[in-house]
Amino acid sequence: MGCIHYNQNIMIRGDIDMKDYIIRAITKSKHIRIFVASTTNLVEKARSMHDTYPVATAALGRTLTASAIMGIMLKGDNDTLTIQIKGKGELGGIVVVSDSKANVRGYVNNPSVDIPLNAKGKLDVSGAIGKGYLNVIKDIGLKDTYGGQVPLISGEIAEDIAYYFLKSDQINSAVGMGVLVDRDYSVIVSGGFIIQAMPDIEEDEIVKLENVISDISSVTDLFNEHITPEKVLEVILKDFEYEILDKVDTNYKCTCSKDRMERALISLGKDELRSLIDEQGEAELNCQFCDEKYIFNKEALNSLYKESIG
Ligand code: ZN
């Protein structure tokens with residue numbers, strides 16, 4: 001059996017067409033809901049786009065995975081969710097955005113952070129982030145955005161997300177996020193899960209869940225070994241009857257465009273635009289989420305200036 005299992009893993013991993021996706025499931029008792037995401041491709045895309053070093057890849061990848069799952073928890077089709085992490089460490093901060101279809105994008109302030117492994121020999125994400133806070137902003141199309149801010153209690157991201165759910169939504173959660181980076185800095189595997197206990201959860205269900213979670217010594221190992229969200233779910237909910245409700249593709253997708261950049265320039269106001277034209281003659285705008293460059297020459301800026309004076 002062991003041998004067959006091994007071969008299957010190799011076969012699946014060799015299949016480059018395996019897409020990133022999230023499954024949503026619920027136990028038969030309806031007391032526990034769970035989301036499991038595989039995000040290897042989208043995290044590798046972010047890694048190569050931003051040229052992140054391993055610890056930055058892990059920090060960004062874990063946050064992208066969390067945001068993809070939290071994105072599909074949003075109620076409205078046009079809702080978006082932003083996770084901001086701000087820390088005093090070398091990484092600086094992380095900004096990640098997801099929509100309700102799990103299209104994510106994000107960046108870190110310092111992609112080249114290079115610090116020693118932690119005492120367990122793992123990428124030191126909390127060391128790179130340092131003391132700070134996590135902010136979740138939900139834009140649900142109303143005039144005001146809402147969300148909540150919590151201090152970082154671990155800086156390893158998963159625990160901080162769980163703490164956010166507890167403080168802002170009073171939901172007890174178990175969160176696991178993992179990114180495994182290869183020697184050549186590429187992403188071998190990335191994934192994560194969010195388990196949420198409903199208020200009417202029974203004591204024995206809590207015990208069974210806690211036992212499984214305490215058996216998971218490494219989230220990256222869990223995904224590296226089981227690969228698909230369905231298999232990972234099987235491990236986590238092995239003592240429960242459950243139903244998979246939903247399967248949603250997740251992708252790295254930037255929303256920048258020339259039009260958006262033009263609007264950003266116009267929003268500077270006519271005086272700012274005038275001095276930009278007079279002093280620099282042209283403008284180069286970089287999208288932080290995908291590093292795309294947008295160049296506006298004098299003629300283009302002049303026509304935006306005309307627009308800004310109406
Ligand atoms: Zn972009």
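Author: Happy to! Domain bounds here come from an automatic or database domain assignment, and they divide the protein chain into domain 1 (21-252) and domain 2 (258-308). The C-alpha centres of domain 1 and domain 2 are 36 Å apart. Eight residues from domain 1 and four residues from domain 2 make the contact, where contact means heavy atoms within 4.5 Å.

A word on the source: this is a predicted model, in which local features need pLDDT of at least 70 and side-chain atom pairs count only at pLDDT 80 or more, while totals for chains, interfaces and linings use all residues. Residues are numbered from 1 along each chain as its sequence is written, and side-chain values use heavy atoms, with hydrogens and water left out.

Now to the area. About 550 Å² is buried between domain 1 and domain 2, with carbon and sulfur atoms giving 57% of it; buried area is the accessible area (1.4 Å probe) that two parts lose on being put together, summed over both. On the domain 1 side, the most area is lost to domain 2 by Met-49, Arg-105 and Tyr-107, which together make up 70% of what that side buries.

As for elements (DSSP runs numbered from the N terminus, helices H or I of at least four residues and strands E of at least two), helix H2 (40-50), strand E4 (93-99) and strand E5 (103-108) each supply at least two residues of the domain 1 side that touches domain 2. E5 gives the largest share of that side, three residues.
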